[in-house]
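Here is a short tour of one protein model. Keep the sequence and the structure side by side as you read.

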Amino acid sequence: MLNVPSQSFPGPSSQQRVASGGRSKVPLKQGRSLMDWIRLTKSGKDLTGLKGRLIEVTEEELKKHNKKDDCWICIRGFVYNVSPYMEYHPGGEDELMRAAGSDGTDLFDQVHRWVNYESMLKECLVGRMAMKPAFPKDYHEEKKVLNGMLPQSQVTDTLAKEGPSSPSYDWFQTDSLVTIVIYTKQKDINLDSVIVDHRDDSFRAETVIKDYSYLVHVALSHEIQEDFSGLFYRKCQLVSKEDVTHDTKLFCLMLPPSTHLEVPVGQHVYLRLPITGTEIVKPYTPVCDSLFSEFKEPVLPNNVYIYFLIKIYPAGFFTPELDQLQIGDYVSVSNPEGNFIISQLQELEDLFLLAAGTGFTPMVKVLNYALTNIPSLRKVKLMFFNKTEDDIIWRSQLEKLAFKDKRFEVEFVLSAPTSEWSGKQGYISPALLSEFLKRRSDTSKVLICLCGPTPFTEQGMKMLHDLNFSKDEIHSFTA
């Protein structure tokens, strides 16, 4: 539901990643960019209409605010007045109005859960939902400390005794959801300081602040499915960046000493940077440092470093800031996400990869894994679409791999080649695909992966279905 402007991601002609679900972007008016929104939020203007007050919002009250000039939306139990944001939302007003006067959490999660809405909409916060507890009418909560952490309702009476650093907790419940909120009252709390465990019929959350550990431990009356809101981030240090093409660079980040993170094949992470006081996040797919990583002695331990191929857009919002980072600076990296299932590759005979620009990035690990670990594999074919020869990422490595492993073939297709180019030209088309996608037999197991800008992926999916490939034989990488 909420998104950052199309100027920043994807940028004009971007091939970094496809928007989830094929959502269309709406052209923004002059003066309605993300930077303009950030300026507005820092102007001191009252964006909620409540003059700085925070209130508890009932379901009945929330339903009243369902018009474009008076639109409240609830996300994860917190209510925001999004009316001032309407003209700044790149998905358009209609997209926001789908959740007007209601709980938009599910809709938000479906479209792009990774967006840092707390930062984007912090000046629009109206308050939190006043949920109805699912307790009998005669139930009375005992006013006591629970495992060293106080209920939020008791904080006012006890702050003088407990001190300003003592956290508290609160919770609210619907028929299908229980939300537990821990108020740390710390500006720079780090997710590494929060430990959450759900086991059998108990829920345990420990918060470490300075030299103290605060615990909330509750018994659950029914089995639950955990959903810990938000992505976990850790700060990673930039240790190198090198040019790959004229506008694409290979970034190497070092994980913290206490972190073990190996991103599964076909999954992506989010990079987070503070830009003009607002935390901006973007999805990127980690790659190997080379297509031949498994054939050489690694210079750097694989479980300590994480690599990204990233195209720099000079007029963009995020990538120029990323490119300005110096060696030794830090970038926050999230836990992995993605719906690619590696078992799709088992017993595979033919693997076809369709990539446009930096849509090549998820193909790197898929390609390496398939050639190394799938004994049934007969052929891997990559059709790589770019504008010019200078845009082709790792061209020499791809050609070398094709020479080294006869199961692998690569074809380059250029949309704006020079007169000297003798290879294929144009854009994705039924003619190109029908010639490229030759399956061994009607019963052979095949998988087609594609990734690129939204029009490329949408057109490619339609063409593949028209060529009678089933949905189980097609995987589109999106984030």
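Predicted model: local features only at pLDDT ≥ 70, side-chain atom pairs only at ≥ 80, totals over all residues.

## Ground rules

Buried means under 20% relative accessible area, exposed means over 50%, and partly exposed lies in between (1.4 Å probe, protein chains only).

Residues are numbered from 1 along each chain as its sequence is written, and side-chain values use heavy atoms, with hydrogens and water left out.

Helices (H or I, at least four residues) and strands (E, at least two) are DSSP runs, numbered from the N terminus.

## Two pairs brought together

Gly77 sits in the loop between β3 (70–75) and β4 (78–81). Along the chain, Gly77 and Thr105 are 28 residues apart.

Now look at Ile312. Its loop runs between β18 (305–311) and α7 (319–323). Ile312 is buried, at 12% relative accessible area. Leu322 is 10 residues away in sequence, and the C-alpha to C-alpha distance is 8.5 Å.

A disulfide is a covalent bond between the sulfur atoms of two cysteines. Here the term means a pair of cysteine sulfur atoms within 2.5 Å. How many disulfides does the structure hold? The count is 0.

Cys451 is buried, at 0% relative accessibility. Cys71 is buried too, with a relative accessible area of 0%.

## Salt bridges

Side chains of opposite charge can pair when their charged atoms come close. A salt bridge is a side-chain nitrogen of Lys or Arg within 4 Å of a carboxyl oxygen of Asp or Glu. By this rule the structure has 23 salt bridges.

One of them joins Arg440 and Glu349, at 3.9 Å from N to O. Arg440 lies in the loop between α10 (430–436) and β24 (446–451), and Glu349 in the loop between β19 (330–334) and β20 (350–356), so the pair ties together parts that are 91 residues apart in sequence. Is Arg440 buried or exposed? Arg440 is exposed, at 56%. Glu349 is partly exposed, at 22%.

Another salt bridge links Arg395 and Glu399, at 3.1 Å from N to O. Both belong to helix α9 (residues 395–404), where 4 residues, or about one helical turn, separate them. Arg395 is partly exposed, with a relative accessible area of 26%. Glu399 is partly exposed as well, at 36%.

Asp405 and Arg407 also form a salt bridge, with their closest N and O atoms 2.9 Å apart. Asp405 is buried, at 16% relative accessibility. Arg407 is partly exposed, at 24%. Elsewhere, salt bridges that share partners join Lys241, Asp243, Lys249 and Asp323 into one network.

## A negative patch

Which residues gather in a patch of negative charge on the surface? They are Glu59, Glu60, Asp103 and Asp106. A patch is made of residues with over 30% relative accessible area and no salt bridge, with like charges joined within 9 Å and nonpolar side chains (Val, Leu, Ile, Met, Phe, Trp, Tyr) within 5 Å. Asp and Glu count as negative and Lys and Arg as positive, while His and the chain ends are not counted. Each charge is placed at NZ of Lys, CZ of Arg, CG of Asp or CD of Glu. Accessible areas come from the Shrake-Rupley method with a 1.4 Å probe, and for residues only the protein chains shown count as cover.

Find Asp103 in strand β5 (residues 102–103). Asp103 is partly exposed, with a relative accessible area of 46%.

## Positive phi angles

Most residues other than glycine have a negative phi. Lys51 has a positive one, near 55°. Where is Lys51? Look in the loop between α1 (34–41) and β1 (55–57). Lys51 is exposed, at 76% relative accessible area.

Glu347 is not a glycine, yet its phi is positive, at about 60°. Glu347 lies in the loop between β19 and β20. With a relative accessible area of 63%, Glu347 is exposed.
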